[in-house]
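This report looks at charged pairs and a nonpolar surface patch.

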Amino acid sequence: MAWPSLLDYQQAVLNPSMCFKDPQLRNANPKLNKLGLALPISGGNASVYQFASNGSNLAVKCFSNKLPNQEKRYKAISDRLKSLKLPFMVDFEFLNEGIRIENNYYPILKMDWIDGDTLDVHIEKNKESKAGLWSLVRQFLELSQKIRSSGIAHGDLQHGNI
């Protein structure tokens, strides 16, 4: 079975009631651009789509390839994060039969959508504020210390993920 392409996901998310099993996602609406196309945020291993559902915003992460032990790994990560209750982490749900494309189901992650500037945009907006940048440094140091003392790691702390 071939893994879906970005175009496959793009087309599928336009019809949430047809492509998702999850009841909340079935009734959600994807964020669209002016041309009526879904707006993915794509990275090396996935594309993330924003959906509106009953007054809340959701993120759906669609994987660009199959990862070894994916379900087991995400369950372990989710369980650990729930036990730690860290204020800066976002809970997520791994859905093994998350999205249907051509009668096959593929896994997704469903989580709350968090609005805000990415690290690079925030720095650009505050580059003239010495106090603002020092505040950011202190917050990042606190985040790093809490992650380290919790015995976990993110693995991809780059400006687009912060």
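## Basis

This is a predicted model, in which local features need pLDDT of at least 70 and side-chain atom pairs count only at pLDDT 80 or more, while totals for chains, interfaces and linings use all residues. Residues are numbered from 1 along each chain as its sequence is written, and side-chain values use heavy atoms, with hydrogens and water left out.

## Salt bridges

Seven salt bridges are found in the whole structure, each being a side-chain nitrogen of Lys or Arg within 4 Å of a carboxyl oxygen of Asp or Glu. One of them joins Lys21 to Glu97, with the closest N and O atoms 2.3 Å apart. This pair links distant parts of the chain, 76 residues apart, since Lys21 lies in the loop between H2 and helix H3 (23–26) and Glu97 in strand E5 (residues 92–101); helices (H or I, at least four residues) and strands (E, at least two) are DSSP runs, numbered from the N terminus.

Asp117 and Lys125 also meet in a salt bridge, at 2.8 Å from N to O. Lys125 is exposed, with a relative accessible area of 57%, whereas Asp117 is partly exposed at 39% (buried means under 20%, exposed over 50%, partly exposed in between, with a 1.4 Å probe and protein chains only). A network of salt bridges links Asp22, Glu93 and Lys110.

## Nonpolar patch

Leu14, Leu32, Leu35 and Leu37 form a nonpolar surface patch with about 370 Å² of accessible area together, computed by the Shrake-Rupley method with a 1.4 Å probe, where for residues only the protein chains shown count as cover. Patches are made of residues with over 30% relative accessible area and no salt bridge, with like charges joined within 9 Å and nonpolar side chains (Val, Leu, Ile, Met, Phe, Trp, Tyr) within 5 Å. Leu14, in the loop between helix H1 (6–12) and helix H2 (16–19), is partly exposed at 32% relative accessible area.
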